[in-house]
Amino acid sequence: MLARNTAAEAAMLSKLDRALFFQEQALTLRAARQQVLASNIANADTPHYKARDFAFAGALQRALSVRGVDSVRLLTTSPRHLAGNVDAALTPMLYRQPAQASADGNTVEMDVERAQLAENSIFYEAGLTFLSGQLRTLTSALQGQ
């Protein structure tokens, strides 16, 4: 009886993991992109700083294709930082091409960065709302309501 319950629990957890995996990866990538965009804004006055970003759709596709528990991790600069789950190898950073070059070689365009940051924030909030709805549905199903 105990082995049957353990197998059933493992199957249930596997189904829950599959149900939430997409949103987990999408939210993790949105959070990572938010950090990249915020870094661009923070370095707007740094001479020769090159604005960076990554292609979200491609990064999400790569993250979904590499299905594993520890397959996707953020790089950290201190052992006290949290690891996260976005790997630099799966999320290649690209340089943003400026519409107008600046005299000091900085490629950060504040209007572009703010627009990208706002758009990413909206998608992040939408992902949280969707995930919250998924969790409410799963909770309701588990409670038999």
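Q: What do buried, exposed and partly exposed mean here?
A: Buried means under 20% relative accessible area, exposed means over 50%, and partly exposed lies in between (1.4 Å probe, protein chains only).

Q: Why is H48 called exposed?
A: H48 has a relative accessible area of 59%. The cut-off is over 50%, so H48 counts as exposed.

Q: What kind of model is this, and how are its residues numbered?
A: This is a predicted model, with residues numbered from 1 along each chain as its sequence is written. Local features need pLDDT of at least 70, side-chain atom pairs count only at pLDDT 80 or more, totals for chains, interfaces and linings use all residues, and side-chain values use heavy atoms, with hydrogens and water left out.

Q: What makes up the fold?
A: There are three helices and two strands. From the N terminus they run α-β-α-β-α. Helices (H or I, at least four residues) and strands (E, at least two) are DSSP runs, numbered from the N terminus.

Q: What makes E113 and R96 a salt bridge?
A: The closest N and O atoms are 2.8 Å apart. That is within 4 Å, so the term applies. E113 is in helix α3 (residues 110–143) and R96 in the loop between β2 (94–95) and α3, so the pair ties together parts 17 residues apart in sequence. E113 and R96 are both buried.

Q: Why is the contact of R114 with D111 called a salt bridge?
A: The closest N and O atoms of R114 and D111 are 3.6 Å apart. This is within 4 Å, so it counts. Both lie in helix α3, three residues apart, about one turn of the helix.

Q: Are R114 and D111 buried, partly exposed or exposed?
A: R114 has a relative accessible area of 47%, between the two cut-offs, so it is partly exposed. Salt bridges with shared partners join R33, D53, R96 and E113 into one network.

Q: How do you know that a charge sits over the ring of Y95?
A: The charged end of R52 is 4.8 Å from the ring centre. The rule asks for NZ of Lys or CZ of Arg within 6 Å of the ring centre and within 35 degrees of the ring normal. R30 likewise lies over the face of F56, at 3.6 Å from the ring centre.

Q: What makes the nine residues of the largest nonpolar core a core?
A: Such a core is a set of buried Ala, Val, Leu, Ile, Met, Phe, Trp, Tyr and Cys residues joined through side-chain atoms within 4.5 Å. The members are A26, L29, A32, V36, F54, F56, A59, L60 and A63. Two or more residues come from each of α1 and α2 (56–65).

Q: What is L60 in contact with, leaving aside neighbours within four places in sequence?
A: L60 is in contact with F22, Q25, A26 and L29. Contact means heavy atoms within 4.5 Å.

Q: Where is P92, and why is it called partly exposed?
A: P92 is in the loop between α2 and β2. Its relative accessibility is 38%, between the cut-offs, so it is partly exposed. Beyond its neighbours within four places in sequence, P92 is in contact with D53, F54 and R62.

Definitions and conventions
A salt bridge is a side-chain nitrogen of Lys or Arg within 4 Å of a carboxyl oxygen of Asp or Glu.
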